Amino acid sequence: MIAAIDAAQMPLLVIVGYLGLLLVLGVWSSRFSRGTSADYFVVSRSIGPFLLLMSIFGTTMTGFALVGSTGKAYTSGIGVYGLMASWSGLIHSAVFFLIGIKLWAVGKRYGYVTQCEYFRERFESPSLGYLLFPILVLLVIPYLLVGVIAAGKFLQPTTAGAFPELFPHAVKALSGGIPPWLGSLAICLVVLFYVFFGGMRGAVWANAFQTIIFMGTGIIAFWMISTKLGGLAEASRIVAESQTAAPRLAREGSIGHLQFLSYCFIPLSVGMFPHLFQHWLTARSAKSFRLTVIAHPVFIMIVWVPCILIGIWAAGNLGPGANANAVLGRMVGQLVHSPILTGLVGAGVLAAIMSSLDSQFMCIGTMFTNDIVIRRFGNDRFSDKQKILMARGFILLIVAITYALSIYLKDTAHVFDLGVWCFSGFASLFPIAFAAVYWKRTTRAGAISSLVVTTLVWSALFYRDILLKKPGMDDELLIGGMMPVAFIFGASVLTLVVVSLLTQPPSTKTIEKFFDTHPHPEPADGVATK
Amino acid sequence: MKSKNSRLGRKLVWTAVILLAILHHDFWFWDDRRLVLGFMPIGLFYHAMFSIVAACLWALAVKFAWPVRLEEWASEFEEKKPPQKGGRP
């Protein structure tokens with residue numbers, strides 16, 4: 001039967017089969033629903049350590065981690081790992097430990113399901129919720145774009161040759177492949193389907209499943225590519241002996257010291273991702289976080305090291321000038337000659353992309369329902385069915401905007417750079433989350449001012465770097481050699497602290513509500529506690 | 001699981017986190033193109049090891065700096081909460 005199918009169409013068939021499995025998973029997970037809103041939004045706070053690790057990791061790793069990192073390593077070399085992966089290993093876990101567990105506790109104690117609900121009450125300000133909602137949505141859109149563009153750009157070379165007459169292309173390696181507009185659309189529709197059916201449970205299960213798939217297929221792809229290049233040593237030797245590619249083996253000339261240092265701000269973004277906030281709230285207990293905190297850096301390493309190596313090997317094999325977003329797809333398409341394996345690897349990359357998109361779609365709908373509709377009109381104004389329809393309608397609207405932007409930006413915006421911009425925005429909001437949890441003196445005015453200043457500075461710089469960028473302009477925007485996030489973050493902190501100190505502190509009632517103000521005896525050094 | 005949670009343990013763990021963050025800036029391998037094990041650029045190898053050390057450090061943090069009272073604080077309010085209404089959003 002396999003012989004009867006055109007070999008060039010086999011990768012596409014494998015990918016379609018995988019997408020079909022996800023649809024089944026979505027329908028199946030909906031059968032476990034307990035029928036309550038708490039179950040739909042936060043899986044009744046029932047997720048244990050393993051599922052929490054897999055779903056949080058799957059959500060954190062997106063097209064940025066696979067397609068973006070490979071493309072960026074192709075253009076900038078091995079330093080990309082230090083810029084993002086090793087910083088993230090240290091800082092993501094720190095944020096899970098310092099912020100995630102605390103917010104989980106507050107969420108469980110008071111029944112929150114979105115960030116806006118928490119910040120609104122912590123800062124005694126209903127208007128803060130209305131202000132934060134559009135800003136979070138504004139920042140989630142570039143994150144969605146990363147996934148949507150990466151999916152389309154990856155599918156085209158992976159399925160090249162499947163339909164040569166239907167989708168011809170001037171570049172042979174892309175000819176006959178599913179064009180980005182169609183690939184991106186198909187991925188959006190599949191994710192929408194299982195999120196609409198399964199709610200957060202569907203997203204968590206799909207994330208765990210997809211994380212296993214993309215980690216497994218990533219290792220297979222790495223092994224296949226290195227074997228085709230003559231082995232690990234031979235693949236790197238080709239790079240070392242290539243005049244144009246050899247600089248990718250180090251950082252000199254590719255990445256500046258201040259740029260490298262200022263990337264440390266970027267991973268702080270996980271402290272403000274609304275979709276990650278929602279995942280934290282699904283945890284059964286604080287102890288469920290332990291495995292995530294410990295294993296996250298190693299999981300990042302398992303995914304990123306092969307991608308970086310494939311990226312620098314691509315510099316030695318594809319030569320300069322290839323589209324960075326398409327590098328991984330081209331390496332897989334050209335070197336992995338087994339159509340079934342090519343399809344499996346393709347499914348793995350799409351799994352990484354979709355495992356973030358689902359949580360983002362879900363959180364957008366959750367925020368709209370809880371922070372706008374219910375907040376504005378009350379819980380009893382609309383039936384459950386109407387609320388579901390409104391949430392889904394809002395998700396569809398945002399996905400449509402994202403899809404239109406992806407068509408416009410797919411040839412100019414680098415997936416990696418776009419991801420960095422999105423993370424920069426969320427990272428610059430991190431001081432508000434940190435202060436909310438640890439600084440009792442933070443005031444409503446301080447939080448609102450910081451939010452407004454961050455948004456204005458981020459928007460201006462994003463517009464200049466991404467929306468005004470012309471094809472061929474590949475350099476990242478640096479200010480004084482540093483990443484813009486350093487300045488946006490600085491403006492956020494400064495505004496938060498100064499305005500908070502100049503305005504009236506929050507009420508004692510609020511402080512007692514959110515801080516464990518009762519004294520507890522410290523265990524003596526070395527005393528074992530439960 | 002028993003965790004030895006103490007003030008000293010917490011201080012040591014957070015000091016180690018700061019130290020590791022400083023060690024992230026490996027300027028000494030900046031222009032070094034040597035390959036470790038014949039295929040891994042040394043700068044990449046260093047940062048891969050950095051990730052493993054970070055995981056070990058977080059294991060220590062979980063053991064010695066875990067917020068043991070937090071779970072209790074999160075749950076103590078539960079019985080006072082009104083029951084949640086059924087139905088999807």
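Q: What is the handedness of the crossing in which H8(A) passes H13(A)?
A: In this predicted model, the crossing of H8(A) and H13(A) is left-handed.

Q: At what angle do the axes of helix H8 and helix H13 of chain A cross, and within what distance do they come?
A: The general idea is that two packed helices are described by the angle between their axes and the distance between the axes. Here helix H8 of chain A covers residues 180-228 and helix H13 of chain A covers residues 327-335. Their axes cross at roughly 60° and come within 10 Å.

Q: Which residues in H8(A) and H13(A) meet?
A: From H8(A) come A:Ala221, A:Met224, A:Ile225 and A:Lys228. They meet A:Met331, A:Val332 and A:Leu335 of H13(A). By class, this contact of H8(A) with H13(A) has 6 nonpolar residues, 1 charged residue and no polar ones.

Q: Why is A:Lys513 counted as partly exposed?
A: Burial is judged by counting neighbours: 20 or more C-beta atoms within 10 Å make a residue buried, and 12 or fewer make it exposed. A:Lys513 has 17 C-beta neighbours inside 10 Å, and therefore counts as partly exposed. This residue is part of helix H19 of chain A, residues 508-514.

Q: What separates the C-alpha atoms of A:Lys513 and A:Glu121?
A: The two residues are 392 residues apart along the chain, and their C-alpha atoms are separated by 9.5 Å.

Q: How does the radius of gyration of chain A agree with that of a compact globule?
A: A compact globule of 530 residues would have a radius of gyration near 24 Å; chain A has 23 Å, so the two agree. Along the principal axes, the C-alpha atoms of chain A fill a box of roughly 70 × 50 × 50 Å. Of the 530 residues in chain A, 58% are buried. Chain A contains 19 helices and 1 strand.

Q: What share of the contacts in chain A join residues at least 24 apart?
A: Taking contacts between residues at least 6 apart in sequence, the share is 85%.

Q: Where in chain A is confidence lowest, and where is it highest?
A: The average pLDDT of chain A is 86, and 92% of the residues score at least 70. Confidence is lowest in strand E1 (residues 528-529) of chain A, with a mean of 36, and highest in helix H18 (residues 484-502) of chain A, at 96. Residues 523-530 of chain A have a pLDDT below 50, and this stretch has 16 contacts in the model beyond near neighbours in sequence.

Q: What pattern does chain B follow along the sequence?
A: The pattern is β-α-β-β-α-α, with 3 helices and 3 strands in chain B. Buried residues are 28% of the 89 residues in chain B.

Terms used
Residues are numbered from 1 along each chain as its sequence is written. Chains are lettered from A and ligands numbered from 1 in the order in which they are written. This is a predicted model: local features need pLDDT of at least 70, side-chain atom pairs count only at pLDDT 80 or more; totals for chains, interfaces and linings use all residues. Helices (H or I, at least four residues) and strands (E, at least two) are DSSP runs, numbered from the N terminus. The radius of gyration is taken over C-alpha atoms; the globule rule is 2.2 Å times the number of residues to the power 0.38. Two residues are in contact if their C-beta atoms, placed from the backbone, lie within 7 Å. pLDDT is the predictor's confidence in each residue, from 0 to 100. Axes are lines fitted to C-alpha atoms, for helices over the stretch in contact, and angles run from 0 to 180 degrees between N-to-C directions. A crossing is left-handed if the near helix is turned anticlockwise from the far one by less than a right angle, and right-handed if clockwise. Ala, Val, Leu, Ile, Met, Phe, Trp, Tyr, Cys and Pro count as nonpolar, Asp, Glu, Lys and Arg as charged, and the others, Gly among them, as polar.
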